[in-house]
Amino acid sequence: MIIVLKPHATQEVIDHVIERIEALGFTPHLSQGVARTIIGVIGDEDKLQAEPLQAIAGVEQVVPILKPYKLASREFHGEASVFDIKGIKVGGGHLMMIAGPCAIESEPLLVEIAEKVREAGANVLRGGAFKPRTSPYSFQGLGEDGLKMLKATGERFGMPVVTEVMDPRQIELVERYTDLFQIGARNMQNFDLLKEVGKTRIPVLLKRGMSATVKDLLMSAEYVLAQGNRRVILCERGVRTFEDSTRNTLDLSIVPNVKGLSHLPIIVDPSHATGRPDLIPAMSLAGVAAGSDGIHIEVHSCPEKALSDGPQALLPRQYAQLMVELRQLAQLLGKTIDACEGVTV
Ligand code: PEP
Ligand code: MN
């Protein structure tokens with residue numbers, strides 16, 4: 001850690017800071033310029049970061065050397081992490097292609113969509129059974145009935161499934177039906193929920209909060225990792241800006257940014273990021289080009305009748321067309337899209 005003192009700090013101030021550091025059991029290293037004094041402190045940075053050194057009179061800035069997220073950082077794990085979720089890999093050159101309806105509405109509809117997205121090359125099926133809707137009067141999801149439909153459909157098509165868990169009280173139930181927990185944008189900083197999913201062994205798809213910084217996202221991932229669950233996949237799904245012609249603003253720079261800071265895979269969700277089917281194909285391709293480890297897209301066979309997020313859904317044939325282009329791009333970049341196996345229909 002480096003402590004930068006205010007310009008022309010008096011000897012009294014310098015002595016006091018050194019005394020404080022030594023009292024905490026650390027060794028200070030003084031570097032005095034004409035106007036500035038900086039003090040390097042070597043030792044357990046976790047212990048140091050817990051100390052309010054910034055509050056000492058005469059201290060201008062305290063600069064940590066290590067990242068506050070440890071298990072999520074590249075410093076902790078130099079190689080890109082690769083997770084295998086029921087035979088489908090994500091990270092390190094493997095792309096996870098998640099597709100399905102926003103909400104599970106009925107089994108026949110889910111089966112119809114699953115069959116088509118699978119045929120197009122999707123390798124994970126999504127569908128919400130508990131929906132975080134802006135209005136309490138909107139469709140809230142089918143709950144356990146929906147989870148049963150999702151599990152059965154995933155098994156039928158040999159696809160791992162992902163669904164959102166909104167509350168720690170739902171974990172025990174959702175865990176019985178899903179291969180991957182989704183933590184939605186609105187819950188990215190629900191620390192109790194993060195801790196509880198961290199105690200399970202089900203991997204977590206952690207979506208970026210709509211006003212979360214990269215650091216916020218990685219700190220939330222750290223909550224899960226710190227509990228022992230080491231499989232966290234990050235997801236950029238757009239942030240709130242002043243732009244109102246799209247649902248959110250897709251921040252693609254987060255992909256290479258996260259890759260520099262963390263070993264965790266990161267995927268892109270252009271459906272929630274743009275809210276517009278006409279923009280989803282270009283943003284999906286851009287996501288893969290930026291280094292994304294996968295693409296998450298909402299697909300519905302009749303968007304005008306969808307109970308949730310219909311206006312942003314791609315039709316199955318639009319998804320299939322996009323997947324042709326995504327496969328070409330993946331090939332060009334030397335990336336693989338694992339195929340699902342074990343089809344029983
Ligand atoms: C969703 O995936 O349907 C969803 C609600 O996503 P987000 O949390 O990113 O809004
Ligand atoms: Mn949705």
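This is a predicted model: local features need pLDDT of at least 70, side-chain atom pairs count only at pLDDT 80 or more; totals for chains, interfaces and linings use all residues.
**Leu66 is partly exposed, at a relative accessible area of 44%.** Residues are numbered from 1 along each chain as its sequence is written, while chains are lettered from A and ligands numbered from 1 in the order in which they are written. Leu66 sits in the loop between β4 (59-63) and β5 (83-85). Helices (H or I, at least four residues) and strands (E, at least two) are DSSP runs, numbered from the N terminus.

**The whole chain has 11 helices and 14 strands.** There are 345 residues in the chain, and 52% of them are buried. Along the principal axes, the C-alpha atoms fill a box of roughly 80 × 40 × 40 Å. The structure holds 16 salt bridges. A salt bridge is a side-chain nitrogen of Lys or Arg within 4 Å of a carboxyl oxygen of Asp or Glu.

**Lys86 forms a salt bridge with Asp179.** The closest N and O atoms are 3.4 Å apart. This pair links distant parts of the chain, 93 residues apart. Lys86 belongs to the loop between β5 and β6 (88-90). Asp179 belongs to the loop between α5 (171-175) and β10 (180-183). Lys86 is exposed, at 55% relative accessible area, whereas Asp179 is buried, at 18%. Lys86 also has a positive phi, near 50 degrees, and is not a glycine.

**His8 has a positive phi of about 50 degrees.** His8 is not a glycine. Most residues other than glycine have a negative phi. His8 lies in the loop between β1 (2-5) and α1 (11-23). Its relative accessible area is 61%, so His8 counts as exposed.

**Arg126 and Glu298 form a salt bridge between two strands.** Arg126 is in strand β8 (residues 124-126) and Glu298 is in strand β14 (residues 294-298). The two residues are 172 apart in the chain. Their closest N and O atoms are 3.4 Å apart. Arg126 is buried, with a relative accessible area of 2%. Glu298 is buried too, at 1%.

**Arg169 forms a salt bridge with Asp167.** Here the closest N and O atoms are 2.8 Å apart. Arg169 is exposed, at 73% relative accessibility. Asp167 is buried, at 18%.

**Salt bridges link Arg208, Glu236 and Asp251 in a network.**

**Helix α6 (residues 191-198) crosses helix α7 (residues 214-226).** The axes come within 7 Å and cross at roughly 40 degrees. Axes are lines fitted to C-alpha atoms, for helices over the stretch in contact; angles run from 0 to 180 degrees between N-to-C directions. The two helices are therefore oblique to each other. Angles under 35 degrees count as roughly parallel, over 145 as roughly antiparallel, 65 to 115 as roughly perpendicular, and the rest as oblique. The crossing of α6 and α7 is right-handed. Right-handed means that the near helix is turned clockwise from the far one by less than a right angle; left-handed means anticlockwise.

**Helix α3 (residues 107-120) packs with α11.** Their axes are 8 Å apart, at an angle of about 20 degrees. That makes α3 roughly parallel to α11. The crossing is right-handed.

**Ala320 lies in helix α11 (residues 316-332).** How far apart in space are Ala320 and Lys116? Their C-alpha atoms are 8.0 Å apart, while the two residues are 204 apart in sequence. Ala320 is partly exposed, with a relative accessible area of 28%.

Key:
Side-chain values use heavy atoms; hydrogens and water are left out. Buried means under 20% relative accessible area, exposed over 50%, partly exposed in between (1.4 Å probe, protein chains only).
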